[in-house]
Amino acid sequence: MYSSEYLINFLGIASMATIVSLVIALLVKMERLKQVDSLKKSLDEMDEQAKLIVRTDMELNKTQEELDKKIAGLYALQRLSRAISTTLQEEQIFQRIEASHLEDLGFEKACAFLWNERGKTFITKMRLGYSEDEIEQIKSAADLQETYLDLIKNEKTISSSYLQDELMLRDQIKGVFKVNSFVISPVLPKEGYRGILFVGTESMDTVISEGDEELITILANQLGQALENARLFEKTWRAQQNLENKVEERTQELTRALSELKVVSKRKTDFISSVSHELRTPLTSIKGYASILLTGKLGKIPPEIQERLDKINRHSDELVHLVNDLLDIAHIESGRLIMKKEVLDLKNIIEEVLDLLSGQLKEKQIDFSFRISEDVNIIFADRSQIARVFINIISNAIKFTPQKGKITISSHKLDKAMQIDIADTGCGIPEEMQEAIFEEFYRVDNPINQEVKGTGLGLTLVKRIIEAHNGKIWVESKLNAGATFSFTLPQSI
């Protein structure tokens, strides 16, 4: 009895232990299952991350390839731009595009056409990757289709990628140009023929991107600009040639006219010289006889006859002066007047002229002064001729300067010469007459000239003398504000 109870108790305890063990084992398995689930989840997450990394790497590689392609295209475009821009001959522009440039842009075929509006046909300007027969077939097809003219009119670039919604047109272009992918861009110079640039490839793997379209559009624009520059250069060159021809013709005409003018001028000079010489003899006789009569050696002369003889004598002096001036001008123009140039003291010459004209200066109470510095006092000139220059200019200044006016002479050094300025406070010379006063027989139309007689040869003679000394003369003046006559003279041989 006791044994049976003991056995039952033992079996109960054993069962309980077994149950506990099973529960513990079950709990351990459940924990392991949780760990397995967590590990599987982690593995799934790692798998997704690996896939993401692979996809990102593929996208980066694709982006890098596109970037490398774009950089290569930009370099090719830069080389092309340099090659195109270095010529100004229209026929050479398209010839500068080579197969190597095309390959760098990612294409193997290219052609270009310009539309001849008069002939209603395309003109082939370039072909790469096509035979002559193939390009003729392409040109014939292009002539018959409005598509390409529409591209020029609409100024729009199209590509095989652009025409995804117009499969018929895309396949038609592929068939005509025998390519799988392509870009067509209009070439649009401002003047002259316009056209199209086509590039394409037979590769099935090539996909035309927006970058490709941009590069070809830029290239087409550069071709249009190059054509415009070439045509502008051609137009400018032709205009220059026409201008040069006209200048040459005009130069020949002027040369002939100058030769004729020289002949006329020589004849005039010879005539003046001859007539002046012929006038001298009778004038000398008239003046001589008048002088003899005025002395009274041939008898007493009534006052009215003496008055007339005085007029004859005075007018004879004026005529002699006129003849002498004409002869001197003629001699200078013909080169027959010999200049006896020597080193001269300028102050000394001015003082001699001042002494000669002092009576006229005192009569009008004119303040006369001169300032000649030592470094510009020595000149190399003909003494008598330079004295005539000062006499003529100062006499004119006295004539046109009012009572109690002022005349000033000053000088300053130039490079190898000196400039002399003779200024007065007279009535001045109108601007439009300042060039003409040096012409023969020209006299300014003013009240003083209307009252005082003159020949109009004084300043002409002065100009000839100055030019014979390799100098020049000019005047600066304003009406009613005086005048300044300036001329240059050499200081050395």
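Student: What makes the crossing of α9 and α10 right-handed?

Tutor: A crossing is left-handed if the near helix is turned anticlockwise from the far one by less than a right angle, and right-handed if clockwise; the crossing of α9 and α10 falls under the right-handed case. This is a predicted model, in which local features need pLDDT of at least 70 and side-chain atom pairs count only at pLDDT 80 or more, while totals for chains, interfaces and linings use all residues. Residues are numbered from 1 along each chain as its sequence is written, and side-chain values use heavy atoms, with hydrogens and water left out.

Student: Why is α9 called oblique to α10?

Tutor: Helix α9 (residues 346–363) and helix α10 (residues 383–400) pack at an angle of about 40°, with their axes 10 Å apart. Angles under 35 degrees count as roughly parallel, over 145 as roughly antiparallel, 65 to 115 as roughly perpendicular and the rest as oblique, and therefore α9 is oblique to α10.

Student: Which residues of α10 does α9 meet?

Tutor: With contact taken as heavy atoms within 4.5 Å, residues including I349, V353 and L357 in α9 meet residues of α10, among them I386, F390 and I394.

Student: How do you know that R231 and E90 form a salt bridge?

Tutor: The term requires a side-chain nitrogen of Lys or Arg within 4 Å of a carboxyl oxygen of Asp or Glu, and the closest N and O atoms of R231 and E90 are 3.2 Å apart, so the pair qualifies.

Student: What makes K120 and E117 a salt bridge, and are they buried or partly exposed?

Tutor: Their closest N and O atoms are 2.4 Å apart, and the pair forms a salt bridge. K120 has 49% relative accessibility and counts as partly exposed, and E117, at 47%, is also partly exposed.

Student: How many salt bridges does this rule give?

Tutor: The count comes to 12 salt bridges, including the one in which the side chains of R194 and E155 meet at 3.5 Å, N to O.

Notes: Buried means under 20% relative accessible area, exposed over 50%, partly exposed in between (1.4 Å probe, protein chains only). Axes are lines fitted to C-alpha atoms, for helices over the stretch in contact, and angles run from 0 to 180 degrees between N-to-C directions. Helices (H or I, at least four residues) and strands (E, at least two) are DSSP runs, numbered from the N terminus.
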